[in-house]
Amino acid sequence: MRIAMIGTGYVGLVSGACFADFGHRVVCIDKDAGKIAALQRGEIPIFEPGLDELVEQNVKEGRLSFATDLPAAVKEAEVAFIAVGTPSRRGDGHADLSYVLGAAREIAAALGGYTVVVTKSTVPVGTGDEVERVIREAKPQAEFSVVSNPEFLREGAAINDFKRPDRIVIGTNDRRAREAMTEVYRPLYLNAAPILFTERRTAELIKYAANAFLATKITFINEMADLCEKVGADVQEVARGIGFDNRIGSKFLHAGPGFGGSCFPKDTIALMRTAQEAGAPARIVETVVAVNDARKHAMAEKIVAACGGKVAGKTIAILGLAFKPNTDDIREAASLVIVPALAAAGAKLRAHDPQAMSEAAKLLRGVEMCKNPYEAAKDADALVILTEWDAYRALDLDRLKRELKQPLVVDLRNIYRPEEMMAKGFRYLSVGRAAVGQVAGS
Ligand SMILES: NC(=O)c1ccc[n+]([C@@H]2O[C@H](COP(=O)([O-])OP(=O)(O)OC[C@H]3O[C@@H](n4cnc5c(N)ncnc54)[C@H](O)[C@@H]3O)[C@@H](O)[C@H]2O)c1
């Protein structure tokens, strides 16, 4: 199949490279000329494990190319995917559809023969109708179908998720579009990935419902963690104890500083708005949004309390700025709330992240970015683990203790065992588990 992928961000680039790897001919389009120029030079603008080799190989084999010229790519394509951003609209939290509808207008102007236009971006229910209307208005005689095909990949594991998805959702009731989409995903079909064909509106809602459910699961265990701390229970064991139940499942039950990232925060708010306007308010989702927002601020307070109630003039080392490991994405990361809150309380901040420091430095002014975790820890009054990168799971604890002014660790991802930290002489606070150890004077 000849595919145009419009939007070459986390989703578009991974999807485009994977489709090319399936044997399709893919042109990835972006209006960011710098990004396309970099890709044409063989540079990958984002960090995603395995993506560089996948892109390089498919470019070499002539199936994958990059361009800014949308009309040329769409004219040639049998299937045009829209994978542009749908950020929160300022003010009301609705999904900002200006990029999606802008892309639809550009596609309309370029349409040649019958083309399947596929929305891969996460878009509110009814956006497919709107995309169809925009294209129809711009080019009444055009032959096209508009399909919803939401994407479920996770940053950091995106290639595997794309190639071995739990399911593929395709929203259309147009026979020709269904055939084209079956062809696009045929290699996965052979791997027995379930394909769910639904109405377009249903497909659009499935994506939001999935993200809202996962966000709810995280928020639920976070509240259980707070309760565990109050009553002397261990949230890790509570999570294991409930996760063995197949009806609940063990995934997304890791207590932490609150969810962030490019999807859950904006998608929960957008779903909340859609539901309010439809007259069927999603009260659970509304609560999840409020609880999660409050949690990030509460985590900053937890760190201040761990430092004896004030951080003015103290140095705090932060390990991890990305919203999760294996990505350089810092959108809505807990670090973006916690670090400024600590700075506002007078702390001096030193930080390390294996991939996200250059992005974070643009938003977190005044934070000293360090070459490694030990440099960050140097003479710090406390060390805070904000992202559970593998690189932080096996730190040299003796060295860490030597670097720190005070052996105080606040681990908001529960990656260390309290007994181990106590035995090494740390005061160690985590999430949903008892604090252990003492520091001099505390
Ligand atoms: N990031 C994820 O993990 C993830 C997972 C599933 C779904 N999604 C959804 O996929 C969509 C894209 O997310 P992302 O994280 O890849 O976004 P992104 O911001 O990384 O990339 C979007 C790209 O689209 C480009 N663009 C915008 N308008 C364009 C146009 N008219 N023509 C060409 N290029 C254009 C931008 O320059 C940008 O490079 C969003 O709706 C998001 O909710 C994201």
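I began with Glu155, where an N or O atom in the side chain lies 2.7 Å from a nitrogen atom of the ligand. I note at the outset that I am reading a predicted model. Next I looked up Lys35, and found an N or O atom of its side chain 2.6 Å from an oxygen atom of the ligand. At Tyr10 I looked to the backbone instead, where an N or O atom lies 3.0 Å from an oxygen atom of the ligand. I then asked how much of the ligand the protein buries, and recorded 90% of the 830 Å² that the ligand exposes when taken alone.

**Ligand, shell.** I went on to the elements that give two or more residues to the shell around the ligand, and these are helix H1 (10–22) and helix H5 (98–110). The largest share comes from H5, with three residues. In total I counted 26 residues surrounding the ligand, and the closest are Asp30, Lys35, Thr86, Glu155 and Lys266. Sorting the shell by class, I wrote down nine nonpolar, eight polar and nine charged residues.

**Helices H12 and H13.** For a helix pair I looked up two values, since packed helices are described by the angle between their axes and the distance between the axes. Helix H12 (residues 264–277) packs against helix H13 (residues 283–306) at an angle of about 145°, and their axes are 9 Å apart. I noted the crossing of H12 and H13 as left-handed. On the H12 side the contact is made by Thr268, Ile269, Leu271, Met272 and Gln276, which meet Val285, Glu286 and Val289 in H13. I sorted the residues of this contact as five nonpolar, two polar and one charged.

Notes. Residues numbered from 1 in each chain as written. Predicted model: local features only at pLDDT ≥ 70, side-chain atom pairs only at ≥ 80, totals over all residues. Heavy atoms only, no water. Near = heavy atom within 4 Å. Polar contact = N/O pair within 3.5 Å; in protein donor to acceptor, adjacent residues only side chain to side chain. Areas by Shrake-Rupley, 256 points an atom, 1.4 Å probe, with all protein chains shown as cover. Helix = DSSP H or I, 4+ residues; strand = E, 2+ residues; numbered from the N terminus. Nonpolar A, V, L, I, M, F, W, Y, C, P; charged D, E, K, R; others polar. Axes fitted to C-alpha atoms, helices over the stretch in contact; angles between N-to-C directions. Left-handed = near helix turned anticlockwise from the far one by under 90°. Contact = heavy atoms within 4.5 Å.
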